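Reader: Please walk me through this structure. I want the criteria behind each label.

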Amino acid sequence: MRARFERAATSPRFQVATCLGFVTGLYLTISPWVVGFHSFNTLAMNNLALGIAYALPTTGVSPAYERTHSMAWMQVIVSVWTIVAPWVVSGSVATTGAIVNNSTVGAIGLLLSLAVATSGTPVSYPSPLPFQR
């Protein structure tokens with residue numbers, strides 16, 4: 001089982017998804033100032049905290065794939081919260097820029113975290129049915 005996790009951690013799919021996940025987390029951290037909704041303190045602080053929480057597991061904090069794999073499921077939750085945050089956080093922060101930004105970053109983060117979370121699972125294909133006459 002450990003060999004399978006090692007193969008998954010060294011696969012190009014895992015490495016690309018992890019690297020892009022780090023960039024996504026960094027962008028989520030600075031996005032209120034890039035897009036221009038930094039005056040909405042609740043959403044700006046939400047994105048700042050979520051960006052750090054999303055990027056931190058991809059920095060190599062966890063030396064073993066098993067830990068990275070389990071933290072990827074946390075990133076799925078962070079991504080879903082990023083998508084719904086403009087409507088949920090206090091204040092009227094649901095502007096077009098904030099909604100488009102958080103929805104886009106959340107969707108990208110969700111795809112990347114699912115790619116990392118499922119990279120170590122074995123793929124099972126259904127066995128073909130025997131030939132019948």
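This is a predicted model: local features need pLDDT of at least 70, side-chain atom pairs count only at pLDDT 80 or more; totals for chains, interfaces and linings use all residues.

Reader: What makes a space count among the 2 cavities of 30 Å³ or more?
Author: The test uses a 1 Å grid over the protein atoms alone; a cavity is a set of points where a 1.4 Å probe fits but cannot get out. Grid points are joined across faces, edges and corners, and the volume is the space filled by probe spheres set on the points. The structure holds 2 such cavities of 30 Å³ or more.
Residues are numbered from 1 along each chain as its sequence is written, and side-chain values use heavy atoms, with hydrogens and water left out.

Reader: Which residues line the second largest cavity?
Author: Thr24, Leu28, Tyr54, Ser79, Thr82, Val105, Gly106 and Gly109. Lining residues have an atom within 4 Å of a point. Helix 5 gives the most, with 3 residues.

Reader: Why is helix 5 called a helix, and what is its span against the expected one?
Author: Helices are DSSP runs of H or I with at least four residues, strands are runs of E with at least two, and both are numbered from the N terminus. Helix 5 covers residues 96–117, 22 residues, so it passes. The expected span is 1.5 Å times one less than the number of residues. From first C-alpha to last, helix 5 reaches 31 Å, close to the expected 32 Å. The chain has 5 helices and 0 strands.

Reader: What makes a set of residues a nonpolar core?
Author: Its members are buried Ala, Val, Leu, Ile, Met, Phe, Trp, Tyr and Cys residues joined through side-chain atoms within 4.5 Å. Buried means under 20% relative accessible area, exposed over 50%, partly exposed in between (1.4 Å probe, protein chains only). The largest core has 12 residues, including Phe14, Leu50, Val105 and Leu112. Its largest share, 5 residues, comes from helix 5. A second, separate core of 6 residues includes Leu43, Ala85, Val93 and Ala98.

Reader: How much of the chain counts as buried?
Author: Of its 133 residues, 40%. In helix 5, Asn101, Asn102 and Ser113 are among the buried residues.

Methods: On a 1 Å grid over the protein atoms alone, a cavity is a set of points where a 1.4 Å probe fits but cannot get out, and a pocket is an open set with protein on both sides within 12 Å along at least five of seven lines; lining residues have an atom within 4 Å of a point.
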